[in-house]
Amino acid sequence: MGRITIASLCPIILQVFAAKEGFLLKNNECNKVYFIVIVKYTIFGMACLFTKKLLENISMFDLLAFRFLIAALTFELFRRFKLVNINLKGKSLKKIILISCLMPIGYYALETLGLKSTSTLMTGIICSLMPIITVFLETLILKEKTNMRQRVFIIIGIIGVIFITIMSNTSGEKSSLIGMLFIFLALLCEGFYNIFSREESAKFDPMEITYVMMWFGAIGFNLINVCIRMANHTILSYFTPLLNSSNVVSLLYLGVLSSGVAYVMYNYALSKIPASSVNAFAGVVTVVTILSGVLLNNEKFLWFHAIGGILILLGAWGTNHFRAVYKLEEKVQKRVVEQEQVRF
């Protein structure tokens, strides 16, 4: 018998997830989806490193302005060549424009500010809190119920963040509290966006929402950057950052790969398997971000990063896992009640 590896098990795991949700995949197709999901999350994970490197050479708003201009033009090319289906005729964009203030404007501005003050490594660890923040906001705003098991894992995740924060400050590790706060606020923006965009998701295709977001980010960040440069009397050197080949490579990665191709991959995966199966691999982002910081940016991975990271990932896994279990139990209970009503 051959050895059983994680790589060989992943397609099987995906197939099980998909079957539970009513998606039937052939082995070859399942392998392809599995590969695409991993590549997509790897691209996202490397984005923090490219952002960090760019901030050493150009200003924050130069970065955001060029990143989203390239991303918007990339999506425009995708639309022109029929790689994505976008039809906005007769649709009201008011709510999408409003929620675009959260994502991309709020999220990416705060994330970039955070990366200026903290390490790529710490950003990756804090970003793994996202499932916990989502459940917390759903409970607070949508009044969705959480069970005791979820609350326990939420507390475990919070303990992990507090532990890393305290140890980072007492050990003199290169991560400021203000930087971590900005990353946390960015995650809050993403959490609020996920909640408020649900209603629009029923009216628009995910690609249409992303297309509008990219153009809103391009216009918004470039307007801000123009105002800043006019105030500083540097408007004539607006495109000077693009004369540096290293800057161009990093901006192309962020604009074309991270904000363009990765989203096409994400939507392709969602068309083949349920969101719960895709999001089960979200931890890849954390792993890739941490490894890129340690291996490519010479950041130190200390013992308290490991302990705190494990607590946060455990908290995120438990919160997500028991959320799915709780919803499944609710469905079963509802089905039993319906059958009882039919019987009597």
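1. E76 counts as buried at 13% relative accessibility, whereas R79, at 28%, counts as partly exposed (buried means under 20% relative accessible area, exposed over 50%, and partly exposed in between, with a 1.4 Å probe and protein chains only). The two residues form a salt bridge whose closest N and O atoms are 2.6 Å apart, a salt bridge being a side-chain nitrogen of Lys or Arg within 4 Å of a carboxyl oxygen of Asp or Glu. Both lie in helix α3, three residues apart, about one turn of the helix; helices here are DSSP runs of H or I with at least four residues, and strands are runs of E with at least two, numbered from the N terminus.

2. This is a predicted model, in which local features need pLDDT of at least 70 and side-chain atom pairs count only at pLDDT 80 or more, while totals for chains, interfaces and linings use all residues. Residues are numbered from 1 along each chain as its sequence is written, and side-chain values use heavy atoms, with hydrogens and water left out.

3. R229 forms a salt bridge with D62, with 2.8 Å between the closest N and O atoms. This pair links distant parts of the chain, since R229 sits in helix α11 (residues 206–231) and D62 in helix α3 (residues 60–80), 167 residues apart. Both R229 and D62 are buried.

4. For the chain as a whole, the secondary structure comes to 15 helices and zero strands, and 46% of the 344 residues count as buried.
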